[in-house]
Amino acid sequence: LDPGKPVDERVEATRALGASLAGETGGRLLEPREPAEVQVAVAGILARAFSRGAAGAADTLLDAWPQAGPLVRSEILEGLLATEVGAETVLLAVQTEKIRSSEIDAASRARILERGGENIRERVARLLPEGFSEDRERVVARYREALQSLPRDAVRGREVFRENCATCHRLDGEGFDVGPDLAAARSKGEDALLE
């Protein structure tokens with residue numbers, strides 16, 4: 001837990017602790033303020049521990065999910081989806097809204113389908129529908145209408161950014177440098193951003 005130690009030493013220490021990271025210690029090491037290498041190592045260790053039946057490992061991973069960046073989320077999903085029980089755990093997390101259905105990519109959806117029988121297929125169809133029911137043009141038209149008719153609210157916009165975008169994008173010194181910095185997007189017009 002000592003941020004003054006070199007990252008590689010901290011990663012080695014997490015490997016030595018293994019499944020005992022489930023709970024408060026693992027949760028602290030999965031916080032966004034920790035180096036990505038430490039977070040990814042802990043997520044991988046806990047996912048493997050979960051597949052071997054370690055109590056509390058899945059809870060620690062799912063509690064960290066909302067603040068986790070893309071690399072950590074990928075590690076969590078990859079580890080959990082290695083087993084049928086893990087696939088069930090992910091589906092339950094989607095059902096209870098610990099994970100949003102939009103946060104499960106097509107490859108992970110396919111892995112869940114590989115893990116189970118008819119019951120899982122029915123749940124996946126209900127919880128993780130494939131594709132969209134509307135074509136892109138209609139969606140853009142609906143968004144354009146909302147953009148033109150609703151008042152701008154920078155405070156709410158900042159909240160939306162923190163909730164949906166900050167795990168991958170940086171804006172005004174906030175967020176992570178996974179995707180493009182959004183400062184350049186300010187010079188584009190609303191239509192370009194919408195499209």
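**View A. Helix 1 packs alongside helix 3.** The axes of helix 1 (residues 7–17) and helix 3 (residues 36–51) come within 9 Å and cross at roughly 10°. Axes here are lines fitted to C-alpha atoms, for helices over the stretch in contact, with angles from 0 to 180 degrees between N-to-C directions. Helices (H or I, at least four residues) and strands (E, at least two) are DSSP runs numbered from the N terminus. The two helices are therefore roughly parallel (angles under 35 degrees). From helix 1, Val7, Arg10, Val11, Thr14 and Arg15 meet Glu37, Val38, Ala41, Val42 and Ile45 of helix 3; contact means heavy atoms within 4.5 Å. By class, this contact has six nonpolar, one polar and three charged residues.

The model is predicted: local features need pLDDT of at least 70, side-chain atom pairs count only at pLDDT 80 or more, and totals for chains, interfaces and linings use all residues. Residues are numbered from 1 along each chain as its sequence is written, and side-chain values use heavy atoms, leaving out hydrogens and water.

**View B. The buried face of helix 8.** Helix 8 spans residues 118–127, and Ile120, Arg123, Val124 and Leu127 are buried in it. Buried means under 20% relative accessible area, exposed over 50%, partly exposed in between (1.4 Å probe, protein chains only). Seen down the axis, these buried residues fall within an arc of 100°, so they line one face of helix 8. The arc is that of the directions from the helix axis to the C-beta atoms. Their cover includes helix 6 (84–95) and helix 7 (106–115).

View C. Glu12 and Arg15 pair through their side chains at 2.6 Å, N to O. A salt bridge is a side-chain nitrogen of Lys or Arg within 4 Å of a carboxyl oxygen of Asp or Glu. The two residues are three apart in helix 1, about one helical turn. Glu12 is partly exposed, at 46% relative accessible area. The whole structure holds nine salt bridges.

**View D. Glu103 and Arg73.** The closest N and O atoms of this salt bridge are 3.2 Å apart. The pair links distant parts of the chain, 30 residues apart: Glu103 in the loop between helix 6 and helix 7, Arg73 in helix 5 (residues 70–80). Arg73 counts as buried, at 15% relative accessibility.

View E. Arg162 and Glu174 form a salt bridge at 2.4 Å, N to O. Arg162 lies in helix 10 and Glu174 in strand 2 (residues 174–175), so the pair ties together parts twelve residues apart in sequence. Arg162 is partly exposed at 48%, and Glu174 is partly exposed at 23%. Salt bridges that share partners join Arg158, Arg162, Asp172 and Glu174 into one network.

How values were computed: Parallel < 35°, antiparallel > 145°, perpendicular 65-115°, else oblique. Nonpolar A, V, L, I, M, F, W, Y, C, P; charged D, E, K, R; others polar.
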